[in-house]
Amino acid sequence: MINRPLNVFYREQLVRLADAPVRSIAMPREIPNRVDPFLPPAYRTESLSRKVLTVLTNTQGITCVPNGMRYPNYVDDSLGALRSPPFDVDAHLYEVFNHW
């Protein structure tokens, strides 16, 4: 079970992935740049929150991904991730963030 997939700490600062579009100036560019090479090309233009949800729901061994949906745009974004075709997640994706 994975909890709170839409919050991360980046350089000692909380980044709320659900609030930051992929191309946002406020979003550290390194996050999408590190994630995208591990995604099928069709997923690379999605919002970062959708990328996170898609990766988590397709990671082998993860069976539950709680996701807050207090705003309609969160629900729309989350449903889009669940409707995406499945793919095999390269486990090396998780290792990229160990050497930040």
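Q: What share of the contacts between residues at least 6 apart in sequence joins residues at least 24 apart?
A: In the protein, 64% of them do. Contact means heavy atoms within 4.5 Å.

Q: What should I know about the model and the numbering?
A: The model is predicted: local features need pLDDT of at least 70, side-chain atom pairs count only at pLDDT 80 or more, and totals for chains, interfaces and linings use all residues. Residues are numbered from 1 along each chain as its sequence is written, and side-chain values use heavy atoms, with hydrogens and water left out.

Q: Fine. How many helices and strands?
A: Four helices and two strands. Helices (H or I, at least four residues) and strands (E, at least two) are DSSP runs, numbered from the N terminus.

Q: In what order do the elements run?
A: β-β-α-α-α-α, from the N terminus on.

Q: How much of the protein is buried?
A: Buried residues are 38% of the 100 residues. Buried means under 20% relative accessible area, exposed over 50%, partly exposed in between (1.4 Å probe, protein chains only).

Q: Now H2. How many of its residues are buried?
A: Ten of its eleven, so H2 is mostly covered by the buried cut-off. Among them are Leu-48, Lys-51, Val-52 and Asn-58.

Q: What do those buried residues pack against?
A: Helix H1 (30-35), H3 and helix H4 (92-96).

Q: Take H3. At what angle do H2 and H3 pack?
A: About 40 degrees, with the axes 9 Å apart. H2 covers residues 48-58 and H3 covers residues 72-83. That makes H2 oblique to H3. Axes are lines fitted to C-alpha atoms, for helices over the stretch in contact, and angles run from 0 to 180 degrees between N-to-C directions. Under 35 degrees counts as roughly parallel, over 145 as roughly antiparallel, 65 to 115 as roughly perpendicular and the rest as oblique.

Q: Left-handed or right-handed crossing?
A: H2 passes H3 in a right-handed crossing. A crossing is right-handed if the near helix is turned clockwise from the far one by less than a right angle, left-handed if anticlockwise.

Q: Which residues meet there?
A: From H2: Ser-49, Arg-50, Leu-53, Thr-54 and Thr-57. From H3: Asp-76, Asp-77, Ser-78, Gly-80, Ala-81 and Leu-82. The contact residues divide into three nonpolar, five polar and three charged. Ala, Val, Leu, Ile, Met, Phe, Trp, Tyr, Cys and Pro count as nonpolar, Asp, Glu, Lys and Arg as charged, and the others, Gly among them, as polar.

Q: Why does Arg-50 count as buried?
A: Because its relative accessibility is 18%.

Q: What is Arg-50 in contact with, leaving aside neighbours within four places in sequence?
A: Asp-76, Asp-77, Gly-80 and Ala-81. The C-alpha atoms of Arg-50 and Ser-78 are separated by 6.4 Å, with the two residues 28 apart along the chain.

Q: And Leu-53, buried or exposed?
A: Buried, with a relative accessible area of 5%. Its C-alpha is 9.2 Å from that of Asp-77, 24 residues apart along the chain.

Q: Switching topic. Which residues form the largest nonpolar core?
A: Six: Val-35, Leu-39, Tyr-43, Val-55, Phe-87 and Leu-93. A nonpolar core is a set of buried Ala, Val, Leu, Ile, Met, Phe, Trp, Tyr and Cys residues joined through side-chain atoms within 4.5 Å.

Q: What does Phe-87 contact, beyond neighbours within four places in sequence?
A: Phe-38, Leu-39, Pro-40, Tyr-43, Thr-54, Val-55 and Asn-58.

Q: Last one: where is Asp-90?
A: In the loop between H3 and H4. Asp-90 is partly exposed, at 33% relative accessible area. Asp-90 and Leu-39 are 8.5 Å apart, C-alpha to C-alpha, and 51 residues apart in sequence.
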